[in-house]
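I opened my notebook to look up a chain. I wanted its overall make-up before any detail.

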Amino acid sequence: MTSPDPAPKLAPTQGAKLPETAVAAALMCLAVTLFSCLDASAKFLITRYDLPTVQVTWMRFVGQFIGLLVLVPVFGGLSLPRLLKTQNLKLQLIRSLLMAATTVFNFLALKTLRLDQTTTIFFLGPLVVALLAGPTLGEWIGWRRLIAILVGFLGILIAVRPGLIMLSAGLGYAFLAMLAFSLFMLLTRHMAGKDPRMVTLFYSMVAGVILGAPIALSAWVMPVDTLSVVLLGCLGVFGGVGHYLFILAYERAPASTIAPFLYLQLVSMVALGFFVFSDLPDRWTLLGSAIVIASGLYMFHRERVHSGM
C-alpha cells in the first residue's frame, strides 16, 4: 500500500453541504481503490513475473514523477523551477526518504503476505501517529484515545497471531512500512503550510526516483510480455491519480467526515486478492481488521468531539 500525503485540515465548519460531502466520499473511495490496484499490480509483477522489488518500486516513482512534471504546470500553475523552491529542503528530503522506505518495505511485504494482511497492518498507522504526535508535535491525546490505540494494537495481534503462526519476514516488512509511513505523516503535519501542496508532492517522489535509479537499473529484468509492460506503466498512474483524487476529496469536505472512507480500502484489497490471487482473509484477519477499523473510527469521532465539530 502506498498511501498519499495527508492534506491540510479544513477549518471547522458546521458541516459540508451534502452534495460536496457525497462527491468527497466518492473521490476518497475511488482513490483508495486505485491504491489497492497499485499494490495488487506490484504484487503480481513481483510474484508472478519475478521482477525485482527495487525495479517495481522505481517504476512506481518514475511514472508518478513524470506525470507530475507534465500535469502540474497545466493544472497546478507551477513551473519546474517553482516546484524546486522549498522553505526546508532538509525536511523535504527526509520526508522523501521515508516515502521511498514505505514503498520498498510495503512491496517486500507483498511478496509473502496477502493484500488484506498488509492493509490491516497499515491501518495501524493513524493510531501510531496519534500516539507519537504528543512527544514529537506536542499534540497530546486523552485517555479515551489512548485506550482506542491499545485496542487497535490488540486487533493487529489478533490478525497476525504472533503466538500461533510463525513470524515471517513479510510481517516485519509490513510493520516497517507502517512505521515509516507514520513518521512520514508526522513530518508532513509538521511541515503543513510551509510549502505549496504540489511542491511537497513533488519532493515526495525525489528520493525514490534519484536514489532508486542506479539500484533498479543494475537489477533490471526485461518484461517478458505486454501485460507486464502495461502493469509497470500503470504503477505511476494508479499512485499519481490516487494521490490527486485524495487531495480533491480533502478539499471538498472536512477530514473527520471523509477519513473513515479510507477503511473501504480493505474491501477493494480483499476483492482484488480473491479475483487476482485466489486469496481470502481468514476469520482471524477479519476479526483483527474489524477491531483496528473500529478503533480508528472511534479516534476520528473523538477528534471531532475535541475540535467541537
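My entries follow, from the whole chain down to single residues.

**Ground rules.** I am reading a predicted model, where local features need pLDDT of at least 70, side-chain atom pairs count only at pLDDT 80 or more, and totals for chains, interfaces and linings use all residues. Residues are numbered from 1 along each chain as its sequence is written, and side-chain values use heavy atoms, with hydrogens and water left out.

**Whole chain.** I found 13 helices and zero strands. Helices (H or I, at least four residues) and strands (E, at least two) are DSSP runs, numbered from the N terminus. Of the 309 residues, 50% are buried. Buried means under 20% relative accessible area, exposed over 50%, and partly exposed in between (1.4 Å probe, protein chains only). I then looked at contacts (heavy atoms within 4.5 Å). Among those between residues at least 6 apart in sequence, 90% join residues at least 24 apart.

**R189.** I located R189 in helix α8, residues 169–191. Leaving out residues up to four places away in sequence, R189 touches V129, A133, L137 and E139. A133 sits 56 residues from R189 along the chain, yet their C-alpha atoms are 9.5 Å apart.

**Helix α12.** I checked the length of α12, which covers residues 265–277. The expected span is 1.5 Å times one less than the number of residues. Buried residues in α12 include L266, M269, V270 and F277. Just after α12, S278 takes a positive phi of about 60°.
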